[in-house]
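Please examine the backbone of the model shown below. The explanation that follows leads through a few places in it, one after another.

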2 protein chains.
Amino acid sequence: MGSHVFDQAIALTAVSPNLYKGATSEAFANMVGPFGGVTAAILLNAALQHPERLGDPVSLTVNFAGPVADGEFEVEATPLRTNRSTQHWLLLQKQNGELVTSATAFFATRRETQSAQQLSAPVAPAATTLQRLDINIRNWFKQYDFRFVHGIPLQPRLASQPHDTETLLWVRDYPERQLDFASLTALGDVFAPRIFMLRDSFTPAGTVSMTHYFHAVGEELSNVGSGFLLGRALASRLHNNYADQIAHLWSEDGVLLLSSTQSVYFK
Amino acid sequence: MGSHVFDQAIALTAVSPNLYKGATSEAFANMVGPFGGVTAAILLNAALQHPERLGDPVSLTVNFAGPVADGEFEVEATPLRTNRSTQHWLLLQKQNGELVTSATAFFATRRETQSAQQLSAPVAPAATTLQRLDINIRNWFKQYDFRFVHGIPLQPRLASQPHDTETLLWVRDYPERQLDFASLTALGDVFAPRIFMLRDSFTPAGTVSMTHYFHAVGEELSNVGSGFLLGRALASRLHNNYADQIAHLWSEDGVLLLSSTQSVYFK
């Protein structure tokens with residue numbers, strides 16, 4: 001276990017084959033239970049450190065089934081099927097025998113192929129020219145260095161601003177930490193529910209399902225180091241209690257590292 | 001079971017609690033095994049017809065773990081957790097005891113709320129002004145009425161055409177069939193691997209994971225009837241054997257019914 005607060009939060013102890021135990025971290029507390037991004041990273045981490053693991057994560061879907069209570073939990077990590085160069089995982093987080101989070105993950109060994117990036121990074125001022133957002137109303141906010149370009153949630157709008165759901169921001173771990181698959185997983189979940197872009201005050205909302213596609217391979221994560229990522233999130237439709245969210249994270253030099261989608265409950 | 005070829009293809013028989021059996025359909029055969037959209041619809045159908053089902057599908061993630069052989073299969077449909085108005089499912093398709101497809105689904109009862117569509121339907125000529133694409137190189141193509149606006153896969157490009165991965169098309173079941181959650185699930189998977197937009201000839205490729213978000217509620221599906229859907233698909237990045245795909249399906253009157261993402265293997 002590294003000494004960084006994020007490494008402490010995602011640490012798991014092997015109990016028996018396919019079974020790990022861990023505990024929630026006060027540092028990543030959200031309003032109810034922990035920040036979902038850290039829960040997602042914990043589930044991925046069970047597969048990452050499993051002795052039968054093959055290759056690197058390509059996709060991860062996390063379903064937030066019920067609130068995670070403060071304290072201990074178990075993670076069952078089962079390789080459902082392993083092929084020559086691909087592997088499918090089922091990951092179940094439980095507390096007192098009850099499921100709180102389920103996930104599936106797809107891992108693969110990857111080779112060089114034709115490569116094309118279709119979605120360019122949006123134009124944005126350099127992170128270093130922007131102020132760190134100083135809001136500490138949730139513990140987990142303190143673990144990130146957020147520098148908003150536009151789209152701060154729950155802010156009254158000028159009439160001249162487009163009434164849309166887009167946020168553009170720079171973000172990295174705080175204190176700084178070398179990017180890896182686990183921290184990229186959590187960083188993909190830092191955007192507030194998009195309904196907050198259409199409202200001026202807090203209302204109940206939360207992610208029910210999240211899917212990450214890891215475009216980044218290990219070398220690209222190393223190249224980022226502890227640099228800022230540029231993140232953009234927006235919704236396609238918000239309707240009858242559920243909204244989607246499409247998010248992307250780019251490196252400072254414009255490499256698309258992660259595509260992510262969410263289905264988000266709102267009242 | 002309806003008499004439509006799609007209803008026959010997704011039909012399941014209850015064997016015991018949480019266990020169903022079915023068989024692949026020659027009508028939906030792809031190059032290797034069945035069309036993935038029909039496999040996804042079969043897994044969703046197990047939850048849809050389960051006696052403990054609560055509400056309607058909001059999200060579905062399907063992981064294609066191995067080839068589905070022609071013939072019989074089993075589907076294990078387990079409600080992992082049921083809350084007051086939400087339900088989480090695990091769906092496993094097996095052949096001879098081996099996992100071939102895994103899925104998770106999230107269902108919910110939905111109420112009227114603030115509603116906003118952020119992503120408008122692209123401008124396109126009416127479906128009736130376009131020719132049905134007459135290609136029958138795979139059986140499953142015959143079960144759909146495809147009318148391409150642009151972005152036919154594996155076509156040589158004019159130098160003047162943008163070298164991108166976008167397809168825009170109209171599509172509906174053929175013969176016509178009233179839209180429902182199962183057919184919308186399959187329709188969300190009709191786009192060819194995006195790598196085929198950058199290549200002139202066929203190379204091995206296939207979806208490894210697909211996530212659908214159902215914006216549509218039952219009344220909106222009824223309103224579509226058997227009308228055409230406008231579908232757009234594009235990739236964000238193709239790199240080291242895997243590409244993503246973001247797709248959306250709108251009704252003829254511009255209501256966003258489905259947001260979908262895929263992770264797609266390519267050689």
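In this predicted model, Asn240(B) is located in the loop that joins strand E12 (237-239) to strand E13 (242-251) of chain B. The phi angle of Asn240(B) is near 45°, which is a positive value in a residue other than glycine. Is Asn240(B) buried or exposed? A residue counts as buried when 20 or more other C-beta atoms lie within 10 Å of its own. Asn240(B) has 22 C-beta neighbours inside 10 Å, and therefore it counts as buried.

Asn240(A) lies in the loop between strand E12 (237-239) and strand E13 (242-251) of chain A. Its phi is near 45°, a positive value in a residue that is not glycine. Because 22 other C-beta atoms are within 10 Å of Asn240(A), this residue is buried.

In chain A, the bond from Tyr174(A) to Pro175(A) is cis, and its omega is near 0°. Where does Pro175(A) lie? Its place is the loop between strand E9 (167-173) and helix H3 (181-187) of chain A.

In chain B, the peptide bond that runs from Tyr174(B) to Pro175(B) is cis, with omega near 0°. Pro175(B) is found in the loop that connects strand E9 (167-173) with helix H3 (181-187) of chain B.

Why do such places deserve a second look? Most residues other than glycine have a negative phi, and most peptide bonds are trans.

Conventions:
Residues numbered from 1 in each chain as written. Chains lettered and ligands numbered in written order. Predicted model: local features only at pLDDT ≥ 70, side-chain atom pairs only at ≥ 80, totals over all residues. Helix = DSSP H or I, 4+ residues; strand = E, 2+ residues; numbered from the N terminus. Buried ≥ 20, exposed ≤ 12 C-beta atoms within 10 Å, placed from the backbone.
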